[in-house]
Amino acid sequence: MAQARRILLKLSGEALGADAFGYHAETLAGFVGQIREVVELGVQVGIVVGGGNLFRGATGALSGMDRATADSMGMLATVMNALALKDALVRAGVPARVQTAVAITHVGEAFERDTALRHLESGSVVIFGGGTGNPFFTTDTAAALRGAEIGADLLLKATKVDGVYTADPKKDATATRYASLSFDEAIRNNLAVLDTAAFALCREQKLPLVVFDIFKPGALKRVVMGEDEGTRVTP
């Protein structure tokens, strides 16, 4: 399989915190090292990052907060994570820009597709904060949306497991990993790979998805190179 030219990487906020609140410096450095590896291959990298290590809109809503307000707070958490990731990349010698779906003066550029493409083509990693800019949509949907908008070859969902399984491997010892499957199969088998809106957008835009374990050293590079890493979900 050919090397990807342009990717959209979805990182969860929880991954940045390594099961703790805030940031885990060693984990963040590991992600940056993997991103730098693929940038050095000439791959253009866009990133959507979640905010669950700081605040989750859905959790706030469960405590009685208005859901739209809670989601707006969650969007701000993703912007904070985008800034942290940008800082770590720049300190590692990787040029990076932050674009936000919610306008925050002096923090990041407002999202604008043509500008994002110019940054990508010049070799900068572009980190998209603020989700879609709207409540009731997850950062999975934001990742699918930005991936489609920038014309990514692949949407990569970075997780703590090495792909999509027939069942939860932590609960079912007989669970087996799919090497590949279609979006229709994933939906039919109720495999919770992405939320429904993100699934529908990927299928409609024919945007392939790879689910992989970002904590495996070199995993991102292997996915980008088209090697057998994770699970590939295709339209």
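**A walk through the sheet, its helices and its cores**

Just after helix 5, Gly-123 takes a positive phi of about 100°. Helices here (H or I, at least four residues) and strands (E, at least two) are DSSP runs, numbered from the N terminus. The model is predicted, so local features need pLDDT of at least 70 and side-chain atom pairs count only at pLDDT 80 or more, while totals for chains, interfaces and linings use all residues. Residues are numbered from 1 along each chain as its sequence is written, and side-chain values use heavy atoms, with hydrogens and water left out.

Helix 5 itself covers residues 113–121, and Thr-115, Ala-116, Leu-117, His-119 and Leu-120 in it are buried. Buried means under 20% relative accessible area, exposed means over 50%, and partly exposed lies in between (1.4 Å probe, protein chains only). The buried residues of helix 5 pack against strands 1, 2, 3, 4 and 5, where contact means heavy atoms within 4.5 Å.

Nine strands form an open sheet with mixed pairing, in the order 4-3-5-2-1-6-8-9-7. Two strands pair if DSSP finds at least two bridges between them. At the edges stand strand 4 (109–110) and strand 7 (180–182), each of which pairs on one side only.

How do strand 1 and strand 6 pair? Strand 1 (residues 6–11) and strand 6 (residues 154–159) run in the parallel sense, with four bridges, and Lys-10 stands opposite Lys-157 in strand 6. Two helices pack on the sheet. Helix 4 touches strand 1, strand 2 (44–49), strand 3 (96–100) and strand 5 (125–129), and its direction makes about 165° with that of strand 5. Helix 6 (residues 139–149) touches strands 1, 2, 5 and 6, and its direction makes about 170° with that of strand 1. For these angles, axes are lines fitted to C-alpha atoms, for helices over the stretch in contact, and the angles run from 0 to 180 degrees between N-to-C directions.

Strand 5 is mostly covered, with five of its five residues buried. Val-125, Ile-127 and Gly-129 point one way from the strand, and Val-126 and Phe-128 point the other way. In a regular strand the side chains alternate between the two faces of the sheet. Strand 5 runs parallel to strand 2, joined by three bridges, and Ile-47 stands opposite Ile-127. Strand 5 also runs parallel to strand 3, here with five bridges, and Thr-100 has Gly-129 as its bridge partner.

Thr-100, found in strand 3, is buried, with a relative accessible area of 2%. Leaving aside residues up to four places away in sequence, Thr-100 touches Val-79, Gly-108, Glu-109, Ala-110, Phe-111 and Gly-129. Gly-147 in helix 6 is also buried, with a relative accessible area of 1%. Gly-147 and Arg-6 are 141 residues apart in sequence, yet 9.2 Å apart in space, C-alpha to C-alpha.

Toward the other end of the strand order, strand 8 (residues 209–213) and strand 9 pair in the antiparallel sense over three bridges, with Val-211 opposite Thr-231. Strand 9 (residues 231–234) pairs with strand 7 in the parallel sense, also over three bridges, and Ser-180 has Arg-232 as its bridge partner.

Next come two helices in contact. The axes of helix 2 (residues 25–39) and helix 4 (residues 67–91) come within 10 Å and cross at roughly 60°. The contact is made by Leu-28, Val-32 and Ile-35 of helix 2 and by Ala-84, Leu-85, Ala-88 and Leu-89 of helix 4.

The last topic is the nonpolar cores. A nonpolar core is a set of buried Ala, Val, Leu, Ile, Met, Phe, Trp, Tyr and Cys residues joined through side-chain atoms within 4.5 Å. Of the 34 residues in the largest core, Ile-127, Leu-156, Phe-212 and Leu-220 touch the most other members. Helix 2 gives the most to this core, with five residues. Apart from it lies another core, of 27 residues, among them Leu-120, Val-126, Ile-150 and Leu-181. In soluble globular proteins, nonpolar side chains tend to be buried together.
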